[in-house]
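Please keep the viewer open as you read, and take the points in order.

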Amino acid sequence: MRFTFRGGIHVDEHKNTAGVRTEILPAPPEVCISMSQHIGAPAKPIVSVGERVLVGQKIGEVEGLGCPVHSSVSGTVKSIALTFTPSGRKIENIVIENDGENEIHPDVKPLGKKLSECTSEEIIEKIREAGISGMGGAAFPTYAKVSSAIGKADTVIINCAECEPYITANHRLLLEDPMSVINGAKILMKAIGVRRTYIAIEDNKLDAANKLEELVVDSDLFEVKVMKTKYPQGDERQLIYALMGKELPTGKLPADVGAVIFNAETCAAVYNALSTGMPLVRRIVTVDGDCIKRPMNYLVPIGTRISWLVECAGGFNKSPDRMIFGGPMMGQAQWDPEAPVVKSTSALLMLSDEQVCNSIDDPVCIRCGRCVKNCPMHLMPCYIAEASRTHEFDACEKYGAMSCVECGCCSYNCPAKVEIVQSIRVAKAEIRAAKNNK
């Protein structure tokens, strides 16, 4: 049986690196580490220019919701400056000149206890201190998600869907180091107090699914759930519906329907933090696109710049039209080739104009209904987009704009090339602003 959800689309997969083993990226000459790599307030730098820092050393602290930030290399703090992000925000970045010694900070120590002896509070604090945020793209602080699920969730879902085109970072992790994911899940189960975990994986990764099933066959804690390959299978609402038959209402969290969802690489980061003490300072990044000479999966220090990733992947074979962090459907286009990898960067895509669907002037909806048919949230995207274009934001809210997950299925399938998602994003921003001003 293959689990799935209603709606969604089949996109060209372009999983070019699925069979390419992850390599450790050659050490970059410097890293640029953002103080905002999570949902919540940005961290504040706690180091100074000229100071030597070590791998795993905390260099940014945060108050309230958020994650501390750590150095991914050893070296000297070169600068601390405000830099524009693709969203237009100015965020502090710490640039560290790599000395190549990879010296680890003495505070990097394992928890030093058996899991059975740990309390939820100890595990949550260790996760918080490790600076772990969701590595599937949402970047929600993991400690906060764990805390909010205690007493409410009875099922953990490990999201291994990786439904976006090109990205194979999780796929390679599951093939090369599946026990880190399984052990990380056990730690999270212990912290939340549940004894059931679904490992959700699409059927275009049957090699990884089979490996996972072999590893958990004798465990009553885990079930591997193989799903039909369809986009956006990795969205939490679609996962919950496919695996549990429950719909997540607008404004509610997965824990409100008994579930809590973690990305596969997030689980591995949790295991690494407790077993070795190393905070989240590196991650797997897929480097791909038709402009890249040698598509690869790399284990990358957080803060590595785009230009270094491209150089290590052999450079360009043609001029790129678009640089994207993440997948082509929901990723974020970058304008600066020196932009750094952050904790939620699963991929760097370099796409030529042949691969990019450029917009047209004044597109007009032809009422074909494809966006309605394929919307996984069962909305009428064409109505919301049209109301947004005419600034009727009350109507947008009435049509359910705030329930849109911005997956891009509507824009991808629109024969008239109407920029539906962008119009809905504008509407959502206006609706939020109006509520905040009341």
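1. Strand E9 and strand E10 (residues 197–202) run parallel and are joined by 4 bridges; strands here are DSSP runs of type E with at least two residues, helices are H or I runs of at least four, and both are numbered from the N terminus. Two strands count as paired if DSSP finds at least two bridges between them. Within this pair, Ile157 stands opposite Tyr198 of E10. E9 is also joined to strand E12 (residues 259–263), again parallel, by 5 bridges, and Thr155 has Ala259 of E12 as its bridge partner.

2. A word on the source: this is a predicted model, in which local features need pLDDT of at least 70 and side-chain atom pairs count only at pLDDT 80 or more, while totals for chains, interfaces and linings use all residues. Residues are numbered from 1 along each chain as its sequence is written, and side-chain values use heavy atoms, with hydrogens and water left out.

3. Is E9 (residues 155–159) mostly covered or mostly open? It is mostly covered, with 5 of its 5 residues buried, where buried means under 20% relative accessible area, exposed over 50% and partly exposed in between (1.4 Å probe, protein chains only). Thr155, Ile157 and Asn159 point one way, while Val156 and Ile158 point the other. In a regular strand, side chains alternate between the two faces of the sheet.

4. Next, look at the open sheet of 6 strands, ordered E1-E14-E13-E17-E15-E16 with mixed pairing. Strand E1 (23–24) and strand E16 (332–334) are its edges; each has a single partner strand, so one side of each lacks a neighbour in the sheet. E1 runs parallel to strand E14 (residues 296–301), joined to E14 by 2 bridges, and Glu23 has Tyr298 as its bridge partner there.

5. Another open sheet has 3 strands in the order E3-E5-E6, with antiparallel pairing. Strand E3 (44–45) and strand E6 (69–70) are the edge strands, pairing on one side only. Over 2 bridges, E3 pairs with strand E5 (residues 58–61), and Lys44 has Glu61 as its bridge partner in E5.

6. Which residues lie nearest the centre of the second largest pocket? They are Ile24, Arg282, Arg283, Leu299 and Val300, out of 36 lining residues. The pocket holds about 850 Å³ of space. Helix H7 gives the largest share of the lining, 6 residues; E1, helix H3 (169–176), strand E13 (282–288) and E14 are among the elements that each supply at least two. On a 1 Å grid over the protein atoms alone, a pocket is an open set of points with protein on both sides within 12 Å along at least five of seven lines, a cavity is a set where a 1.4 Å probe fits but cannot get out, and lining residues have an atom within 4 Å of a point. Grid points are joined across faces, edges and corners, and a volume is the space filled by probe spheres set on the points.

7. There is 1 cavity of 30 Å³ or more, and the largest cavity has a volume of about 90 Å³. Of its 15 lining residues, Cys375, Pro376, Cys404, Cys407 and Cys410 are the closest to the centre. Helix H12 (409–413) and helix H13 (420–436) each supply at least two residues of this lining.
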